[in-house]
Amino acid sequence: FDDAMLQNLELVKRSEREFSLLIFDVDHFKKFNDTHGHQAGDEVLRMVAKTLSQVVKVSDVPCRYGGEEFALIMPSTPIDKGRIAAERVRKAIEAMTIEFEEKTLQVTISVGLAEAFPGEDAAKLIRRADAGVYKSKEEGRNCGHWSDGENLLAMDLSTVPTEEPEPETEDQ
């Protein structure tokens, strides 16, 4: 995570590339652990990581950021494309089911997203994306918010063309 952040921030600083950072928390994870046990919680984290890896571009860098928090570094991704990716991740995790000890479990996530600005350091970018996570929690969870640098805005995709990524082929 740290290496990918620094590398991408340097490219943004030199105006060679843009990138967006997505951070998300699994909603009510402590309550989930208390209700279903830590082994079930561990299985949820494994499935979230697996699902995240399956729905992102090959060039993206998915990371477990800590506890029940994950991050996704999206090189060459401006905020509008990042918003599409963030919603794809949120929907995929909402739709996944985890079979554990004869129970079917489901979780949702609260998402925050920010695009790196030239000259911005990693701490500030992370704070802006993380602020989106907290705003999503305040707004009821299972949603996303993105930072434009001054405001936190809901992931309203009605103003963004919703194109799906091209499927990966063996030739790519």
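The questions and answers below go through the cores, salt bridges, helices and aromatic pairs of a predicted model.

Residues are numbered from 1 along each chain as its sequence is written, and side-chain values use heavy atoms, with hydrogens and water left out. Because the model is predicted, local features need pLDDT of at least 70 and side-chain atom pairs count only at pLDDT 80 or more, while totals for chains, interfaces and linings use all residues.

Reader: Which residues touch the most other members of the largest nonpolar core?
Author: A nonpolar core is taken here as a set of buried Ala, Val, Leu, Ile, Met, Phe, Trp, Tyr and Cys residues joined through side-chain atoms within 4.5 Å; buried means under 20% relative accessible area, exposed over 50% and partly exposed in between, with a 1.4 Å probe and protein chains only. The largest such core has 29 residues, and those that touch the most other members are Phe24, Val26 and Val48.

Reader: Which helices and strands each supply at least two residues of this core?
Author: Helices (H or I, at least four residues) and strands (E, at least two) are DSSP runs, numbered from the N terminus. By that numbering, the elements that each supply at least two residues are the helices α2 (29-36), α3 (38-54) and α4 (79-95), together with the strands β1 (19-26), β3 (69-75), β4 (98-100) and β6 (109-115).

Reader: What does Val48 touch, not counting residues up to four places away in sequence?
Author: Contact means heavy atoms within 4.5 Å. Val48 is among the buried residues of α3, and with the residues up to four places away set aside, Val48 touches Phe24, Val26, Phe70, Ile93, Met96 and Val107.

Reader: How many salt bridges does the count come to?
Author: A salt bridge is a side-chain nitrogen of Lys or Arg within 4 Å of a carboxyl oxygen of Asp or Glu. One of them joins the side chains of Arg46 and Glu43, at 3.0 Å from N to O, and another joins Arg128 to Glu120, with the closest N and O atoms 2.7 Å apart. By this rule the count comes to nine.

Reader: Which residues are linked with Arg90 in a network of salt bridges?
Author: Arg90 and Glu94 form a salt bridge whose closest N and O atoms are 3.4 Å apart, and these two residues are four residues apart in helix α4, about one helical turn. Arg90 is buried at 10% relative accessible area, while Glu94 is partly exposed at 31%. The residues linked with Arg90 in the network are Glu87 and Glu94.

Reader: Are Arg128 and Glu120 buried or exposed?
Author: Arg128 has a relative accessibility of 8%, and Glu120 has a relative accessible area of 9%. Since buried means under 20%, Arg128 counts as buried, and Glu120 is likewise buried.

Reader: How many disulfides does a search of the whole structure find?
Author: A disulfide is a pair of cysteine sulfur atoms within 2.5 Å. Cys63 is buried, with a relative accessible area of 12%, and Cys143 counts as buried at 18%. The number of disulfides found in the whole structure is zero.

Reader: How is the aromatic pair of Phe29 and Phe32 arranged?
Author: Rings of Phe, Tyr and Trp (its six-membered ring) pair if their centres lie within 6.5 Å; planes under 30 degrees apart count as stacked, over 60 as edge-to-face and the rest as tilted. The search of the whole structure finds three aromatic pairs. Phe29 and Phe32 lie three residues apart in helix α2, and both count as buried, Phe29 at 8% and Phe32 at 11%. With 6.4 Å centre to centre and 10° between the planes, the pair is stacked.

Reader: What span does helix α5 reach from its first C-alpha to its last?
Author: The expected span of a helix is 1.5 Å times one less than its number of residues. Helix α5 (residues 122-138) has 17 residues, and α5 is followed by Gly140, whose phi is positive, near 110°. The expected span is 24 Å, and the reach of α5 is close to it, at 24 Å.
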